[in-house]
Amino acid sequence: MHILIVEDDQYIRDSLVELLEDEKYRVTTASNGQEGLDRLTQGLRPDLILLDLMMPVKDGFQFRIEQRDMPDAAQIPTVIFSADTAVNQQHDEFKGATLLKKPVDLDALLAVVEKVRPKKDGP
């Protein structure tokens with residue numbers, strides 16, 4: 001299973017990469033929303049996107065709007081991270097996405113990843 005992490009905080013990004021690679025997932029990273037969108041427009045088709053909301057260059061809200069407009073990327077399961085307690089899944093950008101609050105509970109994250117993992121795939 002291949003996961004795209006779109007997160008500007010290098011410490012969080014690196015920690016997620018280490019956690020997921022230890023679980024035998026393949027991981028690609030992007031440090032902001034624009035970089036993540038660039039990966040998608042270049043043909044990357046991950047099985048799951050882990051998306052931070054507050055980032056420079058292009059935030060997670062704009063990333064999600066543009067992702068949902070891409071025919072080949074719109075249906076990629078997306079997990080949105082936010083420390084903002086006012087964020088809820090009522091925003092149009094979040095439709096079809098899972099929302100996890102920061103700091104992210106690693107067991108909850110792994111449970112979400114496992115839930116979307118293709119059944120024929122290994123971890």
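Predicted model: local features only at pLDDT ≥ 70, side-chain atom pairs only at ≥ 80, totals over all residues.
## Strand 3, covered on both sides

Let's start with strand 3, which spans residues 48-52. How many of its residues are buried? The count is 5 of 5, so the strand is mostly covered, given that buried means under 20% relative accessible area.

You can check this one face at a time. Leu48, Leu50 and Asp52 sit on one side, while Ile49 and Leu51 sit on the other, and all of them are buried. Notice that Asp52 is on that list along with Leu48 and Leu50.

## Its neighbours

Which strands pair with strand 3? One is strand 1 (residues 2-6), joined to strand 3 by 4 bridges and running parallel to it. Here, Ile3 stands opposite Leu48.

The other is strand 4 (residues 78-82), also parallel to strand 3 and linked to it through 4 bridges. In this pairing, Leu51 has Ile80 as its bridge partner. Strand 3 and strand 4 also belong to a right-handed β-α-β unit, together with helix 3 (residues 60-68).

## The largest pocket

The largest pocket holds about 210 Å³.

What lines the largest pocket? Its lining includes Glu7, Tyr11, Ile12, Phe81, Lys102 and Pro103. Helix 1 (residues 10-22) supplies the largest share of the lining, with 5 residues. Sorted by class, the lining has 8 nonpolar residues, 1 polar and 2 charged.

Technical notes:
Residues numbered from 1 in each chain as written. Heavy atoms only, no water. 1 Å grid on protein atoms, 1.4 Å probe; cavity = no way out; pocket = protein on both sides within 12 Å on 5 of 7 lines; lining within 4 Å. Points joined across faces, edges and corners; volume = space filled by probe spheres on them. Helix = DSSP H or I, 4+ residues; strand = E, 2+ residues; numbered from the N terminus. Nonpolar A, V, L, I, M, F, W, Y, C, P; charged D, E, K, R; others polar. Buried < 20%, exposed > 50% of the residue type's maximum accessible area, 1.4 Å probe, protein only. Pairing = 2+ DSSP bridges. Right-handed = clockwise from strand over helix to strand, strands pointing away.
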